[in-house]
Amino acid sequence: MSFEIGLIIIIIVGLILIWYITIYNNYQNFIIRINEAEAFIDTTLRKRFDLLNKSIEIIKANSKEKEVLTVIEELKTMKLSNFELDRKLYEAINEFDSYKETIEALATNEAFIKIELGLFESESEIVAARKYYNDIITDYNKMTRTFPSNIVAKISGYKVRPYFDGKDMYDKDTKDFKL
């Protein structure tokens, strides 16, 4: 009789262990995918930064202004998250576009046109990367918040993560949406 009880306990513990390992591996899969998406976003943001940085001298050479793309100059000394860097780069891209519209010589400048094309191509890359990242985060957060996988999350220290825009859908701050 005690042998049967011991065997049942071993089977139950074994099933719980298999369940835990399966859920833990699912979390590891999400973390790997999140890290890959973050790395791609980081690479794309750096590419955009470099393109805008290259355009500074071209704009200065074709205009009378001494200070151009000041946001890019400021970014060189700042430590920002990818969320914040993305917002700052959009400010710089808007400034870049304003120079394109106001300085006629830039419309025929080959180097400037190449930079503009690179920024245009990187826009589709960053949009796709953000969507991919947010889709993964949605699934990860669902798993972190729902029973029984939330037990593994608590044991392993996994917490809900914010979306790419920095908004935490699970906190009480309803005014943290930023444009």
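Contact, on this tour, means heavy atoms within 4.5 Å. The model is predicted, so local features need pLDDT of at least 70 and side-chain atom pairs count only at pLDDT 80 or more, while totals for chains, interfaces and linings use all residues. Residues are numbered from 1 along each chain as its sequence is written, and side-chain values use heavy atoms, with hydrogens and water left out.

**Stop 1: Ile 59**

Select Ile 59. Set aside residues up to four places away in sequence. Ile 59 then touches Val 68, Leu 69, Phe 96, Tyr 99, Ile 103, Leu 106 and Phe 112.

**Stop 2**

Buried means under 20% relative accessible area, exposed over 50%, partly exposed in between (1.4 Å probe, protein chains only).

**Stop 2: H1 and H3**

Select residues 2-61 for H1 and 82-102 for H3. Their axes come within 10 Å and cross at roughly 30°. Axes are lines fitted to C-alpha atoms, for helices over the stretch in contact, and angles run from 0 to 180 degrees between N-to-C directions. H1 and H3 are therefore roughly parallel (angles under 35 degrees). On the H1 side, the contact includes Ile 41, Leu 45 and Ile 59. On the H3 side, look for Leu 89, Phe 96 and Tyr 99, among others. By class, this contact has 12 nonpolar, two polar and four charged residues. Ala, Val, Leu, Ile, Met, Phe, Trp, Tyr, Cys and Pro count as nonpolar, Asp, Glu, Lys and Arg as charged, and the others, Gly among them, as polar.

**Stop 3: Leu 51**

Now pick Leu 51 in H1. Is Leu 51 buried or exposed? Leu 51 is buried, because its relative accessible area is 12%. Leaving aside neighbours within four places in sequence, Leu 51 is in contact with Ile 115, Gly 118 and Leu 119.

**Stop 4: H1 and H5**

Finish with H1 and H5. Their axes come within 10 Å and cross at roughly 75°. The two helices are therefore roughly perpendicular (65 to 115 degrees). Trp 19 and Tyr 20 are among the H1 residues that meet H5. Ile 151 and Val 152 are among their partners in H5. This contact divides into nine nonpolar, three polar and no charged residues.

Methods. Helices (H or I, at least four residues) and strands (E, at least two) are DSSP runs, numbered from the N terminus. Angles under 35 degrees count as roughly parallel, over 145 as roughly antiparallel, 65 to 115 as roughly perpendicular and the rest as oblique.
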